[in-house]
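Hi there,

Here is the structure I said I would pass on to you.

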Amino acid sequence: MSLNFNPLETNLVNLVIVISLLVWFLRGFLGGILERRRAAILQDLQDAESRLKTATENLSQAQSELAAAQQKAEKIRADGQARAAGIRAEGEKRTISAMAAVKAGADADAEADAARIKDTLRREAALAAIDNVLAQLPDRLDASAQAKLIDSTIKNLENA
């Protein structure tokens, strides 16, 4: 086998022409495709940067809202604790006043019972003294003393 150096027989000229034409036509076609692809990638990058900026702003806003919400929750918690302390103190005051009222009522009941017992004892002592006097009266009163006592009682009733 020998090498053939004749350009027309080997179609080297045809290949050069076809390749040159392909390069010339495809350069515009492939260049346009690559340029459109490059523009689309740049647009996607710009969109991504825009979304990143928006997301960063939203994150910042959400963090500030979270901080505000935490402060509000802390204030509500502190207010709740203060209110609970006030309610607890008010309850203690009411309990103390109720206990004082119960004690005062118990003291009043004890005094009333003591007064009732004293009255009962006085009445029983008076009845016992009257019974004792009545038992001794017939021995001490004779007929004239009884007549004097009846007369003085009638006079006292007439003057009254």
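Below are my notes, going from the whole chain to single residues.

First, some ground rules. This is a predicted model, in which local features need pLDDT of at least 70 and side-chain atom pairs count only at pLDDT 80 or more, while totals for chains, interfaces and linings use all residues. Residues are numbered from 1 along each chain as its sequence is written, and side-chain values use heavy atoms, with hydrogens and water left out.

**Confidence**

The average pLDDT of the chain is 87, and 93% of the residues reach at least 70; pLDDT is the predictor's confidence in each residue, from 0 to 100. Confidence is lowest in helix α1 (residues 7-10), where the mean is 66, and highest in α2, where it is 90.

**Overall shape**

The chain has three helices and zero strands, in the order α-α-α along the sequence. Its radius of gyration is 63 Å, well over the 15 Å that the globule rule gives for 160 residues, so the chain is more spread out than a compact globule.

Along the principal axes, the C-alpha atoms fill a box of roughly 195 × 40 × 20 Å.

**Surface**

How many of the 160 residues count as buried, as a percentage? The figure is 1%, where buried means under 20% relative accessible area, exposed means over 50%, and partly exposed is in between (1.4 Å probe, protein chains only). The chain exposes about 14300 Å², and carbon and sulfur atoms supply 63% of that area. These areas come from the Shrake-Rupley method with a 1.4 Å probe, and for residues only the protein chains shown count as cover.

V18, L22, L26, F29, L30 and I33 make a nonpolar surface patch of about 520 Å². Patches are made of residues with over 30% relative accessible area and no salt bridge; like charges are joined within 9 Å, and nonpolar side chains (Val, Leu, Ile, Met, Phe, Trp, Tyr) within 5 Å. V18 lies in helix α2, which covers residues 12-140, and V18 is partly exposed at 45% relative accessible area.

R27 is also found in helix α2, and its relative accessible area of 55% makes R27 exposed. Apart from its neighbours within four places in sequence, R27 is in contact (heavy atoms within 4.5 Å) with L22 and G32. V102 is another residue of helix α2, exposed at 59% relative accessibility.

**Salt bridges**

Side chains of opposite charge can pair when their charged atoms come close. The count here is six salt bridges, each being a side-chain nitrogen of Lys or Arg within 4 Å of a carboxyl oxygen of Asp or Glu.

- E74 and R77 form a salt bridge, with their closest N and O atoms 2.4 Å apart. Both lie in helix α2, three residues apart, which is about one turn of the helix. E74 is partly exposed at 40% relative accessibility, and R77 is partly exposed at 42%.
- R94 meets E90 in a salt bridge of 3.9 Å, N to O. The two are four residues apart in helix α2, so about one helical turn separates them. R94 counts as exposed at 52%, whereas E90 is partly exposed at 38%.
- R122 pairs with D119 in a salt bridge, the closest N and O atoms being 3.6 Å apart. R122 and D119 are both in helix α2, three residues apart, about one turn of the helix. R122 is exposed at 56%, and D119 is partly exposed at 38%.

Definitions and conventions: Rg over C-alpha atoms; globule rule 2.2 N^0.38 Å.
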